[in-house]
Amino acid sequence: MAEEDTQQTNGAAEAQPQIKQRILAQFVRDLSFENVMAQKGVDGEVKPEIKVEVNLDARKRGTANQFEVITKLKVTSLNQGSEKTLFLLELEYSGVFEIEGVPEQQMHPYLMIECPRMTFPFIRRIVSDVTRDGGFPPLNLEQIDFVAIYRQQLALRAQQQAEQKPADA
């Protein structure tokens, strides 16, 4: 029986497609950092509270098997208690990927999960450097769960479609 299991496992491994990917380019599309605390000042003790928003976008490029994946990050630091903004950082970071061997029905999740995972270490470094250079302690982002973000976007899209159907009827 163990031989049958091994044969089935080997057959499954052979049936899986061979995925080839390359990062052709990565770059900052847009970057903004506002040090509101330096401009307006803050009264009393400063206790920063960080809020991070992440949005993803992907599009096919004109060349075969090439895709651009954009990670949009908005980081807001508010002072606990007063809720006054200390700083605001907005970053759009693009990666251009050449991808082969991913089945069509799996391409969208691949682009929205795997590609941002590959560019995230660079995004993390940029955020750390910009906050440090802006006069704050470097902000080291925790790992982002791109699977959870993808699932949230799917659920939101399904909810929006469900809300539109009764209105159309």
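Colleague: Helices are DSSP runs of H or I with at least four residues, numbered from the N terminus; in which helix does A148 have its place?

Modeller: This is a predicted model, and what follows should be read as such. A148 counts as partly exposed, since its relative accessibility of 28% falls in the range between 20% and 50%. In space A148 is 9.2 Å from I113, C-alpha to C-alpha, although 35 residues separate the two in sequence. The element in which A148 has its place is helix α4.

Colleague: In what order do the elements run from the N terminus on?

Modeller: The protein has 4 helices and 4 strands. Read from the N terminus on, these elements follow the order α-β-α-β-β-β-α-α.

Colleague: How many bridges join strand β3 to β4?

Modeller: Strand β4 spans residues 85-100 and is mostly covered, with 12 of its 16 residues buried. Together with β3 it forms a hairpin that has 5 residues between the strands, and G81 in the turn has a positive phi of about 95°. In the pairing, L78 stands opposite T85 in β4. The two strands run antiparallel, and the number of bridges joining them is 13.

Colleague: Which residue of β4 does S32 stand opposite?

Modeller: Strand β1, residues 20-34, pairs with β4 in the antiparallel sense over 13 bridges. Within β4, the residue that S32 stands opposite is E90.

Colleague: Is S94 buried or exposed, and what is its relative accessible area?

Modeller: S94 has its place in strand β4. Leaving aside neighbours within four places in sequence, it is in contact with A25, Q26, F27, R29, E68, V69 and I70, and a polar contact of 2.9 Å joins its side chain to that of E68. S94 counts as buried because its relative accessible area is under the 20% cut-off, at a value of 0%.

Colleague: What is the relative accessible area of E100?

Modeller: E100 also lies in strand β4, and beyond neighbours within four places in sequence it is in contact with Q18, I19, K20 and N65. E100 and R22 are 78 residues apart in sequence, yet 9.2 Å apart in space, C-alpha to C-alpha. E100 is partly exposed, with a relative accessible area of 34%.

Colleague: How far from the ring centre of F67 does the charged end of K60 sit?

Modeller: Strand β2, residues 48-60, is joined to β3 by 13 bridges, and the two run antiparallel. They form a hairpin with 5 residues between them, in whose turn N65 has a positive phi of about 65°. K60 stands opposite F67 in β3. The charged end of K60 sits over the ring of F67, at a distance from its centre of 4.8 Å.

Colleague: Which residues do ring pairs link into a cluster?

Modeller: Ring pairs also bring three phenylalanines together in a cluster. The residues linked in this way are F33, F87 and F136.

Colleague: Which residues does Q153 touch, not counting those up to four places away in sequence?

Modeller: Q153 has its place in helix α4, residues 146-168. Q153 is buried, because its relative accessible area of 18% is under 20%. Not counting residues up to four places away in sequence, the ones that Q153 touches are N55, L56 and M112.

Note on methods:
Residues numbered from 1 in each chain as written. Predicted model: local features only at pLDDT ≥ 70, side-chain atom pairs only at ≥ 80, totals over all residues. Heavy atoms only, no water. Buried < 20%, exposed > 50% of the residue type's maximum accessible area, 1.4 Å probe, protein only. Contact = heavy atoms within 4.5 Å. Phe/Tyr/Trp six-rings, centres within 6.5 Å; stacked < 30°, edge-to-face > 60°. Lys NZ or Arg CZ within 6 Å of the ring centre and 35° of its normal. Pairing = 2+ DSSP bridges. Polar contact = N/O pair within 3.5 Å; in protein donor to acceptor, adjacent residues only side chain to side chain.
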